[in-house]
Amino acid sequence: MDFKEFGFKEEINKAIEDLGFKTPMPVQEQAIPTILYNDINLIALAQTGTGKTAAFGLPIINRIDFDNKDVQALVICPTRELCIQIANDLKKYSKYLKSAKIVPVYGGASIELQIKDLKKKPQIVVATPGRLNDLLLRKKIDISSINYMVLDEADEMLNMGFKDDLDNILSATSENKNTYLFSATMPKEVEQIAKEYISNPVRIQIGERNQGSDNVQHFYYLVHQKDRYLALKRIADYYPNIYGIIFCRTKVETQEVADMLIKDGYNADSLHGDLSQAQRDHVMSRFRLRNIQMLVATDVAARGLDVNNLTHVINYELPDELEQYVHRSGRTGRADNQGISIAIINLKEKHKIKKLEKVLKKEISKAKIPTGQEVCKKQLFNMINRVENVETDYEEIDRFLPEISKKLSWMDREELIKHFVSLEFTSLLSYYRDAVDLNIDESLEKEKIRRENNQRSKQKRERHFDKSLFSTLSINLGYKDKVVPQRIIGMINDYTPHRRIEIGKIDITDRCSFVEVKNDGVDAVKDALDGRIIKGKEIVVDFADNIEHKERKTSDTRERKGNRERRDSRGSRNRKEGKSRRERDNKDKRNRKR
């Protein structure tokens, strides 16, 4: 079908034509008529990059009364990048509606300027949860009578810890509004929000739950931890026309990888939470113009990047929450383009690939890191293709051709080609001349790990455990958070990849875990975990003395209470049995007297 068949206002159809929209994408084809012609609630599950903004934006703009100066529609999204993108898209859709006013409000920018914009009476507000809550507390925005509310990327908002903010915002709105929830994945936390605040919704699902895009090929490369950066460089060299995002887990690692790439001559830059808004905007502007080939980013960049035609997404580190991989890979393969998603992993992470395949419902193929010779061949033929296809201005060159021919007349054709290639490739050929094979033999590596584990176990058994060498840390994750000792150890290993942390005994209670850590690794564990958000919960790491006493006291109290209840239960049962025996004896005596 065509967009004009939806029956939008003429001004909106004109804007759609300017944008070059022809055929609606699947989520648009289902969501637009549902929102446009019905007063209903909607839950739409669709992959990242499938045109969700137009799916809710176009019908809402069509329904709004722009002569009314009240806030009629509210769009909530997780990041400032996505907030700005959605607001810009909505402005494009409504550019021929003269009275339309759309205002974005988000953190990291002046709240006073945003309050000034709100005084201009916008009909649509696009907001991040934290900034909108600030405005509500200051009573600078009234959302009590909105008609339409959109929760875009609801899964990411909950993953970023915005549950309380969302509860506060939703409770400040009218029950009569239409609520539209859009999400790429549907974890149980999103289902709970839907159950709590969205009554009798119509559900739309494009593809299977949490499924990755059909336009993306998925590969993983297995390397030693120490070779991770070398593997990244080799992948980048093997794809000379790469235009992609490299995802890291931490801000520090993001900046380190970007700095190393820049130092090694690649067109790269970083995007993470420590950059100011002006710095972020500058980086994104250069990336959109392709002045940057590779953007090294934290997961803050997984949402809201309005960038087209990305060829690659590279997971330098796998995300903590595997569903986040769906969002990362969804940055490429958009709008019917093909894309490649790559994960660089070590042997200890290989078990995550099977879990990822279950999340994606797709196979992630193992690939081999290209050899130095393969990289050089790929680069060379890429250059030859560029030479073949270059546009030339013969009139300008013809003026210099006689002098050039005279200068190079001493060389035959073959010598000329050799000089030409050497000029371009001397440094690359030199770098890869003795390049080692970065791929690892899994069978040999597993045997090596088995021997190392056996040796460590033997050393543990032989040595006397000296308590003075260890400190006990408390981590505010317990059985209620579904953690086990193996998960605690894995979490510490994941966040301290360049350190060998020696861990002793682990005790887990309902609310927290007590971990014995060798003294030389205590600071590394605290720095790596303290303040990190995991499963929407801010991790607190501290020395366990006071917390341990309180937790164990609580545990002892529960145990004493349980013992007392069991004793009372037994006593009550014994009293009942004694009473029954006495009643039987008395009855027998009466019968004998008779």
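**Figure 1. The largest cavity of the predicted model.** The largest cavity in this predicted model has a volume of about 40 Å³. A search of the whole structure finds two cavities of 30 Å³ or more. Lining the largest cavity are Phe-56, Gly-57, Ile-60, Ile-61, Ala-73, Val-75, Leu-90 and Ile-124. Two elements, helix 3 (52-63) and strand 2 (73-76), each give two or more residues to this lining. Helix 3 supplies the largest share, with four residues. By class, seven of the lining residues are nonpolar and one is polar, while none is charged.

**Figure 2. The second largest cavity.** The second largest cavity holds about 30 Å³ of space. Its lining is made up of Leu-477, Asp-481, Val-483, Arg-487, Met-491, Ile-534 and Lys-535. Four of these residues are nonpolar and three are charged, and none is polar.

**Figure 3. The surroundings of Asp-152.** Asp-152 is found in strand 5, which covers residues 148-152. The relative accessible area of Asp-152 is 3%, under the 20% limit, and this residue is therefore classed as buried. Leaving aside residues up to four places away in sequence, Asp-152 touches Phe-56, Ile-76, Cys-77, Pro-78, Leu-82, Ile-86, Met-157 and Phe-182. One of these contacts, Phe-56, is also among the residues that line the largest cavity. The view also includes Thr-53, which lies 99 residues from Asp-152 along the chain. The C-alpha atoms of Asp-152 and Thr-53 are separated by 8.4 Å.

Figure 4. Seven strands make up an open sheet with parallel pairing, and their order is 10-11-9-12-13-8-14. Strand 10 (268-271) and strand 14 (365-367) are the edge strands, each of which pairs on one side only. From one strand to the next, the twist averages 25°. Helix 12 (residues 277-288) packs on the sheet, where it touches strand 9 (244-247), strand 10 and strand 11 (294-297). The direction of helix 12 makes about 140° with that of strand 10.

**Figure 5. The pairing of strand 8 with strand 13.** Strand 8 (residues 216-222) and strand 13 (residues 339-345) run parallel and are joined by seven bridges.

**Figure 6. The hairpin of strands 16 and 17.** Strand 16 (residues 503-508) and strand 17 (residues 513-518) run antiparallel, with four bridges between them. The two strands are connected as a hairpin through four residues. Ile-506 has Val-515 in strand 17 as its bridge partner.

**Figure 7. The surroundings of Glu-357.** Glu-357 is found in helix 14, which covers residues 351-360. With a relative accessible area of 17%, under the 20% limit, Glu-357 is classed as buried for that reason. Residues up to four places away in sequence are not counted here; beyond them, Glu-357 touches Lys-362, Glu-363 and Ile-364.

Technical notes
Residues numbered from 1 in each chain as written. Predicted model: local features only at pLDDT ≥ 70, side-chain atom pairs only at ≥ 80, totals over all residues. Heavy atoms only, no water. Buried < 20%, exposed > 50% of the residue type's maximum accessible area, 1.4 Å probe, protein only. Contact = heavy atoms within 4.5 Å. 1 Å grid on protein atoms, 1.4 Å probe; cavity = no way out; pocket = protein on both sides within 12 Å on 5 of 7 lines; lining within 4 Å. Points joined across faces, edges and corners; volume = space filled by probe spheres on them. Nonpolar A, V, L, I, M, F, W, Y, C, P; charged D, E, K, R; others polar. Pairing = 2+ DSSP bridges. Axes fitted to C-alpha atoms, helices over the stretch in contact; angles between N-to-C directions.
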